[in-house]
Amino acid sequence: MQLAIRALAHYLPDTEVAVADLPEAAGLTQAEAEVFHNLGIERIRADDGLSATDLAVRAAGRALDRAGLAASDVDALIVVESRTPEALLSSETTRVQSLLGAERAIALGVGGLGCVSLTPALMTAAGLLAADPAVENVLVVHGSKPATPRRYRHPVTISGDGGQAIVVGRTGRLRVLDMVQQSNGAYWDLFGVDFRDRPTAAWREECTDLPTYSLRLAVETRNRLRALRDVLGGRNDLTDVDRTVCHNLSTGSLRFVEQVLDEPVARACHENLRDHGHLGPIDVLFNLGAAIESGDVAEGRRAVLVNASPVAAWSLLLVENGTSPATEYHL
């Protein structure tokens with residue numbers, strides 16, 4: 001597979017909020033408060049004046065600058081769609097395209113798998129690059145915002161705001177070597193927001209079955225991740241994998257991944273969880289970029305990126321921090 005990340009950039013709001021100061025913190029039940037204070041998240045970045053599109057577009061500008069490209073150089077634009085569109089029947093994808101000025105790009109959106117939606121975006125990029133020799137530069141963008149005014153998602157995590165953009169091509173220092181993904185539609189409505197005929201201020205994400213989330217889905221996630229690792233290992237040499245990098249939900253979820261795969265996760269996961277909370281599909285590449293910058297994923301070494309979503313879906317990506325040409329990172 002010829003797929004590489006040529007530039008990786010993020011945009012995080014300037015405003016930092018201590019999770020103890022979140023409006024919902026004062027109204028939690030005893031059970032909710034116990035989980036809330038044990039997630040391992042101390043602060044997040046948040047700006048209610050910025051939409052998911054704003055965050056995505058700002059990150060995209062940084063990624064294009066670092067790749068030495070103009071918006072007119074983008075051959076394909078893939079937007080990982082937000083969980084809550086600003087307007088029904090409108091197109092978030094073509095809005096991003098218009099704001100960037102990437103008018104000649106093939107534009108399309110992917111989503112529906114929560115945090116795991118990054119993987120189908122990269123699979124789509126790989127397909128475009130393989131199918132059309134004229135496609136050289138693919139821009140993948142996402143803006144992550146919580147689905148409701150409440151940033152605490154009981155019993156899972158606390159969501160911050162962030163934008164991510166990656167310029168993908170056939171060559172680059174950060175190579176995507178393989179991707180595996182599975183899903184199970186039995187959990188499609190385990191989490192949801194009842195929004196019809198309700199003002200936005202009353203929106204609240206609900207888990208319809210807490211025992212299913214904490215027990216049944218946890219067991220299935222363990223089995224799925226181990227099975228995916230076996231598939232990945234059967235197709236690739238994993239002996240030179242330096243680090244496991246995963247999404248940021250809680251300290252408990254980081255320990256869970258470590259126990260399931262019997263590998264420590266990168267320090268960047270712990271640090272970014274503490275300082276930024278959960279950023280949806282952004283998490284794994286955000287953590288990977290930080291791990292590479294810190295030297296935790298050394299030049300010429302590999303990392304496995306682990307993603308899971310309660311919809312439910314699971315994915316593993318095998319990436320290599322190669323030696324040429326350089327990839328630009330901006331956190």
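A salt bridge is a side-chain nitrogen of Lys or Arg within 4 Å of a carboxyl oxygen of Asp or Glu. In this predicted model, Asp-242 forms such a bridge with Arg-301, and their closest N and O atoms are 2.7 Å apart. Because Asp-242 lies in strand β13 (residues 241–246) and Arg-301 in strand β14 (residues 301–309), the pair ties together parts that are 59 residues apart in sequence. Asp-242 counts as partly exposed, at 22% relative accessibility, and Arg-301 is likewise partly exposed, at 29%.

The structure holds 21 salt bridges. Another of them joins Asp-161 to Lys-145, with the closest N and O atoms 3.0 Å apart. This pair links distant parts of the chain, 16 residues apart: Asp-161 is in the loop between β8 (157–158) and β9 (162–169), and Lys-145 is in the loop between β6 (138–144) and β7 (152–153). Asp-161 has a relative accessibility of 1% and therefore counts as buried, whereas Lys-145, at 21%, counts as partly exposed.

A further bridge connects Glu-16 with Arg-43, where the closest N and O atoms are 3.9 Å apart. Glu-16 belongs to strand β2 (residues 16–18) and Arg-43 to strand β3 (residues 43–45), and the two residues are 27 apart. Arg-43 is partly exposed, with 23% relative accessibility. Both residues take part in a network of salt bridges that also includes Glu-42, Arg-274 and Asp-275.

Attention now turns to helix α2. This helix comprises residues 52–67, 16 residues, and spans 23 Å from its first C-alpha to its last, close to the 22 Å expected at 1.5 Å a residue. Its buried residues include Ala-52, Leu-55, Ala-56, Ala-59, Ala-60, Ala-63, Leu-64 and Ala-67. An α-helix has 3.6 residues a turn, so residues three or four places apart point the same way. The buried residues of α2 pack against β1 (4–11), α3, β6 and β9. After α2 comes Gly-68, whose phi is positive, near 70°.

Most residues other than glycine have a negative phi, and most peptide bonds are trans. Leu-89 has a positive phi of about 70° although it is not a glycine. Leu-89 lies in the loop between β4 (76–80) and α3, and it is exposed, with a relative accessible area of 92%. Asp-262, also not a glycine, has a positive phi of about 55°. Its place is in the loop between α6 (251–261) and α7 (267–276), and at 65% relative accessibility Asp-262 counts as exposed.

Two cis peptide bonds may be located in the model as well. One joins His-154 and Pro-155, with omega about 0°, and Pro-155 is in the loop between β7 and β8. The other joins Val-311 and Ala-312, with omega about 5°, and Ala-312 is in the loop between β14 and β15 (313–321).

Conventions
Residues numbered from 1 in each chain as written. Predicted model: local features only at pLDDT ≥ 70, side-chain atom pairs only at ≥ 80, totals over all residues. Heavy atoms only, no water. Helix = DSSP H or I, 4+ residues; strand = E, 2+ residues; numbered from the N terminus. Buried < 20%, exposed > 50% of the residue type's maximum accessible area, 1.4 Å probe, protein only. Expected span 1.5 Å × (residues − 1). Contact = heavy atoms within 4.5 Å.
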